[in-house]
Amino acid sequence: MESVTPTASVSKTMFWAGYVASTLPVLMLVFSGVMKLLKPAAVAEGFVKLGYDESLALGIGLTELACTVLYVVPRTSVLGAILLTGYLGGATATHVRLGEAFFAPIVLGVLVWLGLYLRYVRLRGLIPLRK
């Protein structure tokens, strides 16, 4: 992947817009992961409501945090985005299965990729949006 600083092909505005777009999903995922590690009563109740055993919270929280760390590190950000896409896909499927609103994980996934799309020219070459 290219360097983490803006290049001639990426405007500074687009580069920083990518970081801003990435901030919300990172904050949400870190908060969610930490809450799963701390397991307050609301998280335990949420797991039961979603049909998961409360004992899975630690593993799911660690997975969520690990994927988020990979996403935050510029050198591994694309791998992190791929893994977060899978993670958020599972969250979406869980909510769909229960008939609940499922747009939040989809929006986070879109923001994860939008942040990278705005920062990296090579990714824009792989996902060309035409006028």
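This is a predicted model: local features need pLDDT of at least 70, side-chain atom pairs count only at pLDDT 80 or more; totals for chains, interfaces and linings use all residues.
**Helix H3**

- The buried residues of H3 are Ala57, Gly61, Glu64, Leu65, Cys67, Thr68 and Tyr71, and, seen down the axis of the helix, they fall within an arc of 165 degrees, so they line one face of H3.
- An α-helix has 3.6 residues a turn, so residues three or four places apart point the same way.
- The partners against which the buried residues of H3 pack are helix H1 (12-38), helix H2 (41-50), helix H4 (77-97) and helix H5 (103-119).

**Aromatic residues**

- The structure holds four aromatic pairs, and one of them joins Phe15 and Tyr19, whose ring centres lie 5.1 Å apart with the planes at 75 degrees, so the pair is edge-to-face, the cut-off for that class being over 60 degrees.
- Phe15 and Tyr19 are four residues apart in helix H1, which means that about one helical turn separates them.
- Phe15 is buried, with a relative accessible area of 4%, whereas Tyr19 is partly exposed, with a relative accessible area of 25%.
- Together with Trp16, Phe15 and Tyr19 form one aromatic cluster.

**A charge over the ring of Tyr19**

- The ring of Tyr19 also has the charged end of Arg119 sitting over it, 4.2 Å from the ring centre.

How values were computed:
Residues are numbered from 1 along each chain as its sequence is written. Side-chain values use heavy atoms; hydrogens and water are left out. Buried means under 20% relative accessible area, exposed over 50%, partly exposed in between (1.4 Å probe, protein chains only). Helices (H or I, at least four residues) and strands (E, at least two) are DSSP runs, numbered from the N terminus. The arc is that of the directions from the helix axis to the C-beta atoms. Contact means heavy atoms within 4.5 Å. Rings of Phe, Tyr and Trp (its six-membered ring) pair if their centres lie within 6.5 Å; planes under 30 degrees apart count as stacked, over 60 as edge-to-face and the rest as tilted. A charge sits over a ring if NZ of Lys or CZ of Arg is within 6 Å of the ring centre and within 35 degrees of the ring normal.
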